[in-house]
Amino acid sequence: MLGVPIYDEDVFIQAGALYIPRTVSDGQTTTTFNFIEIPLQVRIWLTKHIVFGAGGYYAQGLGSASVTSKSMTRLLSDLLDFGKIEAGKFSIEKAPIRVEEALAAATETMNLRAVERGVELVVRADRHLPEIFGDKDRIVQVLWNLIGNAIKFAPENSEVVITALAETGVVTFSVSDSGPGIEKENLPCVFDRFWQAEKSATKGTGLGLAIAKGIVEAHGGRIWVESTPGVKTTFSFTAPALSGN
Ligand SMILES: Nc1ncnc2c1ncn2[C@@H]1O[C@H](COP(=O)(O)OP(=O)(O)OP(=O)(O)O)[C@@H](O)[C@H]1O
Ligand SMILES: [Mg+2]
């Protein structure tokens, strides 16, 4: 079937548009469209070259198609989560969670990215932590975003430190890095949807912390940030201890 396009370009673009949540209707909508359209257009181009078997581009095209597919999948699931949080329809399934398991799941996945950036992930957890009561996948998702941000901003050859401490009725998780940090006047904005410091506006969509906040609050916890620019930035959140319920 070489030479026969599998997909029509318009169908691709329309398929992408279908996923754009109608609830995001403020001045940020254009940004969302761009983030969806760009990976879609890259896929259209790649698909053409793969379908037509365009010489040496074949293997390279498949690799790039896989990367853009992953970023699209992540973007669409972020938009879906965010839409549910905004609509008050975000639900979690609670069960006892061993903190060590959540930390291991989060750090194992992020370790490759850390190594690529020359950053070391250091975990410091209290010895006798109580179990927490929550949705393990969602707690890991919060840790992924905080660790991902820390790795993104940490200087090369530095450490990102992840801690878990038992406190009254809760376990407090923290993720610290020694990157540029967040200016004092911007601290109140960091959990706002689509907010990004100007210099980081090209790296991500600015939804990660808004979703993290929604997840933590759905567990009855709180999330906050402390930053001394250029010295230390720490994002922390609490999750309810099982024994505290
Ligand atoms: N550890 C950090 N150090 C410095 N700035 C940070 C840090 N974490 C977050 N920020 C700032 O907060 C912004 C919002 O973070 P958030 O995780 O919501 O979005 P993002 O990482 O830009 O994109 P996404 O998570 O949706 O891929 C970042 O763009 C950055 O400007
Ligand atoms: Mg992020």
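This is a predicted model: local features need pLDDT of at least 70, side-chain atom pairs count only at pLDDT 80 or more; totals for chains, interfaces and linings use all residues.
A197 sits in the loop between β5 and α6. Leaving aside neighbours within four places in sequence, A197 is in contact with I182 and N186. For A197 and N186, which are eleven residues apart along the chain, the C-alpha atoms are separated by 7.9 Å.

The loop between β5 and α6 (208-218) also holds F194. F194 is not a glycine, yet its phi is positive, at about 65°. For context, most residues other than glycine have a negative phi. F194 counts as partly exposed, because it has 16 C-beta neighbours inside 10 Å.

Now the overall layout. The protein has six helices and seven strands. Along the sequence, the pattern reads α-α-α-β-α-β-β-α-β-β-α-β-β. Of the 245 residues, 28% are buried. Taking contacts with a separation of 6 or more, 71% are between residues 24 or more positions apart.

Next, the sheet. How many strands form the open sheet, and in what order? There are five, in the order β2-β4-β5-β7-β6, and the pairing is mixed. The edge strands are β2 (120-125) and β6, each of which pairs on one side only. From one strand to the next, the twist averages 15°. As background, strands of a sheet pair through backbone hydrogen bonds, either parallel or antiparallel.

β4 (residues 159-167) and β5 (residues 170-177) run antiparallel and are joined by seven bridges. Within that pairing, T163 stands opposite S174 in β5. Helix α5 packs on the sheet, where it touches β4, β5 and β7, and its direction makes about 20° with that of β5.

The other pairing is between β6 (residues 223-228) and β7 (residues 232-240), also antiparallel, with six bridges. S227 has T233 in β7 as its bridge partner. The hairpin of β6 and β7 has three residues between the strands, and there G230 takes a positive phi near 80°.

D177 counts as buried because it has 25 C-beta neighbours inside 10 Å. Not counting residues up to four places away in sequence, D177 touches A150, F153, A154, V160 and T233. Of these, A150 and F153 are among the buried residues of α5. D177 and V231 are 54 residues apart along the chain, while their C-alpha atoms are separated by 8.3 Å.

That brings me to α5 itself. Helix α5 (residues 136-153) has 18 residues. From its first C-alpha to its last, α5 reaches 26 Å, close to the 26 Å expected at 1.5 Å a residue. Its buried residues are R138, I139, V142, L143, N145, L146, I147, G148, N149, A150, I151 and F153.

Which helix do we find against α5? Helix α4 (residues 99-116): the two axes come within 9 Å and cross at roughly 35°. In general, two packed helices are described by the angle between their axes and the distance between the axes. The crossing of α4 past α5 is right-handed. On the α4 side, the residues that meet α5 are A102, A105, A106, T109, M110, R113 and A114. On the α5 side, they are K136, I139, V140, L143, W144, I147, G148 and I151. Sorted by type, the residues of this contact are eleven nonpolar, two polar and two charged. Several of the α5 residues in the contact, including I139, L143 and I147, are also on the list of buried residues in α5.

Last, the stretch that follows α5. N157 is found in the loop between α5 and β4. Like F194, N157 is not a glycine. The phi of N157 is positive, at about 65°. Is N157 buried or exposed? N157 is exposed, because 9 other C-beta atoms lie within 10 Å and the limit for an exposed residue is 12 or fewer. By contrast, F194 is partly exposed.

How values were computed. Residues are numbered from 1 along each chain as its sequence is written. Chains are lettered from A and ligands numbered from 1 in the order in which they are written. Helices (H or I, at least four residues) and strands (E, at least two) are DSSP runs, numbered from the N terminus. The expected span of a helix is 1.5 Å times one less than its number of residues. A residue is buried if 20 or more other C-beta atoms lie within 10 Å of its own, exposed if 12 or fewer, and partly exposed in between; C-beta atoms are placed from the backbone. Axes are lines fitted to C-alpha atoms, for helices over the stretch in contact, and angles run from 0 to 180 degrees between N-to-C directions. A crossing is left-handed if the near helix is turned anticlockwise from the far one by less than a right angle, and right-handed if clockwise. Two residues are in contact if their C-beta atoms, placed from the backbone, lie within 7 Å. Ala, Val, Leu, Ile, Met, Phe, Trp, Tyr, Cys and Pro count as nonpolar, Asp, Glu, Lys and Arg as charged, and the others, Gly among them, as polar. Two strands pair if DSSP finds at least two bridges between them.
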